[in-house]
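Open the model in your viewer and keep a selection panel ready. The stops below go from a ring pair to a helix.

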Amino acid sequence: MAQNMVTDSMRAHAEMLLARSHRWPEGFEPSTGRVFYLFASSRRGRNGEVIYHKTARDGSGCTCPGYFHRGECSHALACQIATDLAREAGITRASLYWIES
């Protein structure tokens with residue numbers, strides 16, 4: 001059962017991810033109409049292939065094991081922060097990096 005607990009480590013990792021938000025690959029799920037970002041896992045598949053986790057653009061969900069177990073993860077937290085910052089600035093998330101740099 002998910003606990004929705006954000007740790008200091010998760011927050012630090014989310015800040016690191018946020019600093020590279022201009023590089024987040026974006027995808028679109030036609031069946032739901034939702035936009036998501038892809039984050040490479042630190043783990044690899046059986047044949048060494050890169051595994052990606054899909055994270056909702058607003059941070060409302062992620063396919064990583066951390067989100068499944070805790071109900072929160074650094075990927076989702078980074079997306080939530082980016083969405084909040086963009087909303088406060090009245091801009092799209094895509095342009096957020098260029099404003100802050």
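Are Trp-24 and Phe-39 buried or exposed? Select the two: both Trp-24 and Phe-39 are buried, where buried means under 20% relative accessible area, exposed over 50% and partly exposed in between, with a 1.4 Å probe and protein chains only. This is a predicted model, in which local features need pLDDT of at least 70, side-chain atom pairs count only at pLDDT 80 or more, and totals for chains, interfaces and linings use all residues. Residues are numbered from 1 along each chain as its sequence is written, and side-chain values use heavy atoms, with hydrogens and water left out.

Stay on the rings. The structure holds 2 aromatic pairs (ring centres of Phe, Tyr or Trp, the latter by its six-membered ring, within 6.5 Å; planes under 30 degrees apart are stacked, over 60 edge-to-face, the rest tilted). The Trp-24 and Phe-39 centres are 5.2 Å apart with planes at 65 degrees, so this pair is edge-to-face. Trp-24 lies in the loop between α1 (8-19) and β1 (26-29), and Phe-39 in strand β2 (residues 34-44), 15 residues apart; helices (H or I, at least four residues) and strands (E, at least two) are DSSP runs numbered from the N terminus.

Next, select α1. Its buried residues are Met-10, Ala-14, Leu-17 and Leu-18. They cover an arc of only 100 degrees around the axis, which puts them on the same side of α1; the arc is taken from the directions from the helix axis to the C-beta atoms. Turn to the face away from that buried side to find the exposed residues Asp-8 and Ser-9.
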